[in-house]
Structure formats: C-alpha cells, structure tokens
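Good morning, and thank you for joining. I would like to take a few minutes to discuss aromatic pairs and one further residue.

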Amino acid sequence: MLEKKQARPQANAIEQIEAYIRKNALQPNDRLPGEREMCEMWNVSRTTLRSAIHRMTEEGKLYSQKGSGTYVAQPRMERNLRDMKSTSEQIRGTGHIPGTRVLYADVIECTRYLSHKLHLPLGHKLFFLKRLRLMDGAPYMLELSYVDYDCCPGIENISFHEESLYAELKRFGVQMAEGHETIGITYATEEESQYLQVDEETYLFYLTSTSVDTDGKIFEFSKSVARPDKVRFTNTLHRRADPEQKGSNEL
C-alpha cells in the first residue's frame, strides 16, 4: 500500500510533463522549463519531479545535460524481433541514420563456447567482427559476430565501416533462411560502458542470435548489448489459421 501511495505522485508528475510536451508541441532536443518552474506550475515537490524525470529518462523519453537542463529525447528505434533485416536496414527503416565503427575484424579459431553455438569443431576458422553500431551519430549497440570462415574465405579483407555483413555474405553465396534470437537483461561492463557512453553497471539489453542458411546449416552466431534508451523490441503474434474461422490471424 505504501509503495502505491509513493508511486502515485510520480505518475501524476509524469502525466503533467507528457501533457506539457504535447500542449507545447515540443520536438526532440527541445528544452523543458527549469525544475523550480515545473514544481510551481504543477504544485509538486522537487523530489517527486526529479523522480518522474529519472523514470522518463530511463524510458528514453527525456535526457538531461548537467548545468543545462532537461530535454525531450529522440524517439527510440522500434525493432521487431521477427524482422530478419540487417541492423542498418532496421535503423534506416525507422527514419534514423545508421553508422558503424569497426573495432576488430580478423580470422580466429573456434573456442569451446563457439564450437557449441556454431556446431563446429574446436580450432575451426571463424571470421570475428566486432562493431560499435551508431544511430544518428550516437552509440546504440555493441555487436560481436562470429561467422564460419569456410562460407566466406577472404572476407577479412573487406571494410565493414560502410558495408553490411549480410550483404557481403550474399556475395559469397550465403543466403539466410531463418534466425533464432533470444533477449535478456545484463549490466554494462567497464569496456561496454566506455563504448556505449553509459555508466558502468547500467542495465542493457543482451541479445544472442544464430543465423541458418538455406541448407539448414548455422553460419553465424552473434552477441550484442544495446542501450534501452535507444531501442525497444516488439513482436507480432499471429493466431494459427482455423479452417472453421475466417478473418485476420493477427493479434
């Protein structure tokens, strides 16, 4: 009961902020009034207002700049887990500008962990590609890809600052038929926090995926961590077709 009583003032403050943004047609990167002014406008305490701003910042709706104020954030990219498009295609499809920094690209040997994921023997050659993915110039995802080198000999000589991994694999004759992806929550390591420009121990989305070609063979395993203030994941559910029932299968 106490938690509900404490949460209600925060929820009211969030509603006031959202209403102010709509009423004044504020756009991404527009500044909100100062904290004192907002407290006076809505008759809320500084503690409650800061709690509401903190919650909206975690949800990717606002961001703060020290000594400057609180601003409306860019809308998060929405990514459908059933979509087999590349990361760059997904970013472009939501109206954002993709970018890539290649951190490592070379041939390595398959470890016991990767052997299990890719169903390949220990020591088998893999192409390892480590990239920092950018959205509108800001870090969004740290992505590690491991590809069966037998599928793409010489791929380590390609620059992936501009080129898409999947587009290049198609040139090697590799056609993706399906993918299997899992998503969870992790906390930023020191290295991840530096690349993604977040505090250490900040929670991040953690994704792992395997890609299967038209012959039913796994050709890629990837691991990624993504900033939750930059992206949200969705899934479209479909009801199985019922011969006795007509109409849409989408839920």
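Predicted model: local features only at pLDDT ≥ 70, side-chain atom pairs only at ≥ 80, totals over all residues.

A search of the whole structure finds 8 aromatic pairs. In general, a pair of aromatic rings is described by the distance of the centres and the angle of the planes.

Consider Tyr20 and Trp42: their ring centres are 6.1 Å apart and their planes meet at 75°, so this pair is edge-to-face. Tyr20 belongs to helix H1, residues 2-23, and Trp42 to helix H2, residues 35-42, so the pair ties together parts that are 22 residues apart in sequence. Trp42 has a relative accessible area of 15% and is therefore buried, the limit being under 20%.

The second pair, Tyr104 with Phe128, is tilted, with 5.4 Å from centre to centre and 40° between the planes. Here, too, distant parts of the chain are linked: Tyr104 sits in strand S4, residues 98-109, and Phe128 in strand S5, residues 125-135, 24 residues apart.

Arg131 is buried, with a relative accessible area of 4%. Beyond its neighbours within four places in sequence, Arg131 is in contact with several residues, including Thr100, Arg101, Val102, Leu103, Glu143 and Leu165.

Notes: Residues numbered from 1 in each chain as written. Heavy atoms only, no water. Phe/Tyr/Trp six-rings, centres within 6.5 Å; stacked < 30°, edge-to-face > 60°. Helix = DSSP H or I, 4+ residues; strand = E, 2+ residues; numbered from the N terminus. Buried < 20%, exposed > 50% of the residue type's maximum accessible area, 1.4 Å probe, protein only. Contact = heavy atoms within 4.5 Å.
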